[in-house]
Structure formats: C-alpha cells, structure tokens
Amino acid sequence: PVPSLKELYLPYFDIGAAVNLRTMESQKELLAAHYNSLTAENDMKFERIHPQEGVYAWEAADRIADFAASNGMKLRGHTLVWHNQTPDWVFEGEGGAPASRDTLLARMKEHITAVVSRYKGRVYGWDVVNEAVEDQSGDRLRQSKWLELAGEDFIANAFRFAHEADPEAVLFYNDYNECNPEKRDHIIRLVQSLQNQGVPIHGIGLQGHWNLHGPTIGMIREAFERYAELGLQLQITELDISVFDQADRRTGLTAPSAEMIERQAERYEQIFGLFREFKEVLTAVTFWGAADDYTWLNDFPVRGRRNWPFVFDANHQPKPAFWKIANGL
Ligand code: XIL
C-alpha cells in the first residue's frame, strides 16, 4: 500500500499542489489522498479573475475553493500583484495614455479588496506580490508597469490593502531563483525595508522551481537560514524538480531515462531531509502540480520538451522519489 504523503508529513508541514480545472478532475483521487493544501495554478490571477474593469470572473476560482473545502484542504491564494498575467487595461489611462499613479493604485486597491474579501475565511494566505525583484545583480526592482507607473511603494501598498481586506490572512512575498545568493539578499533587503516601515508581511514564499543540478543543498540551506532570520514563516510555494540539468536543451524525449529518475529521487531525498530540519519555520511545501501527466514545464523553457518533475508518475503511481521522501519517517 502507498502511504499518504500528507499524513506522513503532518508532524512537519502541509503538502500542497497547484491545480487547474482539468487536473482537479483528472487527479482528484491523488489530490484527496496525498495533499492537504491547494493553490490555483492560474485561476486566481488578475487576468483570469478580473479580466475587464468592473468585471470579475469567479467561477473557476470558486470551484477550486469548493474542492478544497469539500476535501478538507487548506487553500493558498496566488497571486494579487504580478508583472505577468495582468490585463493591459489595468495600466491604461485616458486616451491611450498610461494610467496615473493614483489611478493604478486605486485599481490595485479595488482588485485586492474584491478578491481577498471574497475568499476571506477560505483562503488562509496570499502571495500578495510575486516576483518583484530583478534577476540579475544590483539593487533594482524588476522593471514592470507596476514599478514604472506607481513607484516602488506599490509593494507596501499591496500588502496594506490585503491586510485591510482580511486582517487574518497570512501575507507572503513570493519569488523564484530565491536561493541565488545575490537575489536572496536583495529579497531580504526588500522584506526588511517593508518590516521597518511597519508593512504587514508574514511570510516568504520560495517558489522552488529547481532541477537535478541546482540550487545545491548548500545554497538551499543557506537561503533557509538567512530568510529565517527575518522572523517570518517560510513556505515552498511552487516546487518542481526538472529532470534536466540547467544546460540540457534536449527535446524529443518521450520518457525520462532511468538515470534521470534515480538522480531526481536522490535530489528529492536530500531536499526533503533539509525541509524537515527547518520544520519550525517551514509551514508548507506546495508542488506546482501533482503528477507527471501534467506540468507547466512541458514546453518551458524549451519548446517541444516534456518534463517529469513530480514524485508521482503520469499514471499517478509513486516514483522512486516518492519512496525516498516517504520512507523512514
Ligand atoms: C505558470 C503556470 O503554471 C502556467 O500555466 C502559466 O501559463 C504561466 O504561469 N511562477 C509563478 C506561477 O508564480 O504563477 C507560474 O505559473 C510559474 C512561475
């Protein structure tokens, strides 16, 4: 028999999965058996839930919230303010001009208030701001319409609006390449400056889009240690472990090799061992999917390339990686 991941990890942290309406149906038994937390892969993003000014499309997000509730799962909200998957109208002003700072912040407030209020008491925490830090070097925030039109304090404002709408919600800053030392330190400085201004922020989301080769265990450990010094809770929010090394651009593989599967299992073993060491600060580990029949990594970042990043295979059976993280607990 296959033990339940969520039950094995009860003494440690929640086990989450990202879903869309298709996988919520095709993977429903697996989701109910092994996961106690859910995230909408796309259906709570701005372009989906608020496609036009004054028009909200709640149906898909509501179905995900209902599924979580009827299966006794927690629900994370993803995401309120991001440079991607946000409709153009948000940034447009009168007569083709860009929106003014005031207009943009008013729209942000209206959006956050509507979405957070609707799921109050159902979504326990939100990725309030996603990916606002620049990847390469320096101290710059990512170039985006939010930054360009509203200025740096769009971030503080987003957190304040979310807190007003649901004072109980756990509010996260979420980002990727989060274990890269330079970017890590920049994220830390950003969060410290929010804390110094009294901005309501309660957690750091580490996306965890990793591969066979990186980040190294040493980098992940150091990242956990540094982030933990902020005194906030940490979550892994979008875990997947690509079976390819960074430089491997090979396409056309229809199944992973035995070697990939073995190396992936070893990576999962080490990584979950580390996660367990940090159980005092790490409150959830969410996979960006659940089983290898669907991952956003198919075709990304290499077109025509499939991927197999999870601990369950395409038939929802446990892979060697599953047994590595399940055994000996
Ligand atoms: C991805 C989804 O998985 C895709 O379906 C979509 O086309 C693009 O976005 N970081 C995030 C997630 O915070 O929202 C992204 O999700 C993956 C990277």
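Select Gly72, which comes after helix H5. Its phi is positive, near 65°. Bear in mind throughout that this model is predicted.

**Helix H5**

Step back to residues 59-70. That is H5, a helix of 12 residues. From first C-alpha to last, H5 reaches 16 Å, close to the 16 Å expected at 1.5 Å a residue. Now colour Ala61, Ile64, Ala65 and Ala68: in H5, these are buried. Look down the axis of H5. The buried residues fall within an arc of 100°, so they line one face of the helix. Turn to the other side of H5, and you find Glu59 and Ser70 exposed.

What do the buried residues of H5 pack against? Show strands S1 (14-19), S2 (37-40) and S3 (74-81), then helices H2 (21-26) and H4 (46-49). Those are the packing partners.

The peptide bond joining His78 and Thr79 is cis, with omega about -5°. In general, most peptide bonds are trans.

**Glu131**

Move to the loop between strand S4 (125-130) and helix H7 (145-150); Glu131 is found here. Glu131 is not a glycine, yet its phi is positive, about 60°. Most residues other than glycine have a negative phi. Is Glu131 buried or exposed? It has 20 C-beta neighbours inside 10 Å, so Glu131 counts as buried.

**Helix H9**

Next, select residues 181-196, helix H9. Colour the buried residues of H9: Arg184, His186, Ile187, Leu190, Val191 and Leu194. They cover an arc of only 165° around the axis, which puts them on the same side of H9. The face turned away from that buried side carries exposed residues: Pro181, Arg189, Gln192 and Asn196.

Now show the partners. The buried residues of H9 pack against helices H8 (154-165) and H10 (217-228), and against strands S5 (170-175) and S6 (203-206). Just after H9, click Gly198, where phi is positive at about 75°.

**The ligand and Glu238**

Centre on the ligand. Which residues surround it? Select Glu41, Asn42, Asn130, Tyr176, Gln207, Glu238 and Trp296. This shell divides into two nonpolar, three polar and two charged residues.

An unreviewed UniProt entry places the feature "active site" at Glu238. In the model, Glu238 is found in strand S8 (residues 233-242). Glu238 is buried, with 24 other C-beta atoms within 10 Å. Leaving out residues up to four places away in sequence, Glu238 touches Ala18, Gln207, Gly208, His209, Thr286 and Trp288.

**The loop between S9 and H12**

Last stop: the loop between strand S9 (282-287) and helix H12 (320-326), where Pro301 is found. A cis peptide bond joins Phe300 and Pro301, with omega about 0°. Go on to His316, found in the loop between S9 and H12. His316 is not a glycine, but its phi is positive, about 70°. With 19 other C-beta atoms within 10 Å, His316 is partly exposed.

Key
Residues numbered from 1 in each chain as written. Predicted model: local features only at pLDDT ≥ 70, side-chain atom pairs only at ≥ 80, totals over all residues. Near = placed C-beta within 6 Å. Nonpolar A, V, L, I, M, F, W, Y, C, P; charged D, E, K, R; others polar. Helix = DSSP H or I, 4+ residues; strand = E, 2+ residues; numbered from the N terminus. Expected span 1.5 Å × (residues − 1). Buried ≥ 20, exposed ≤ 12 C-beta atoms within 10 Å, placed from the backbone. Arc of directions from axis to C-beta. Contact = placed C-beta atoms within 7 Å. UniProt positions renumbered as here; feature names shortened; annotations may be inferred.
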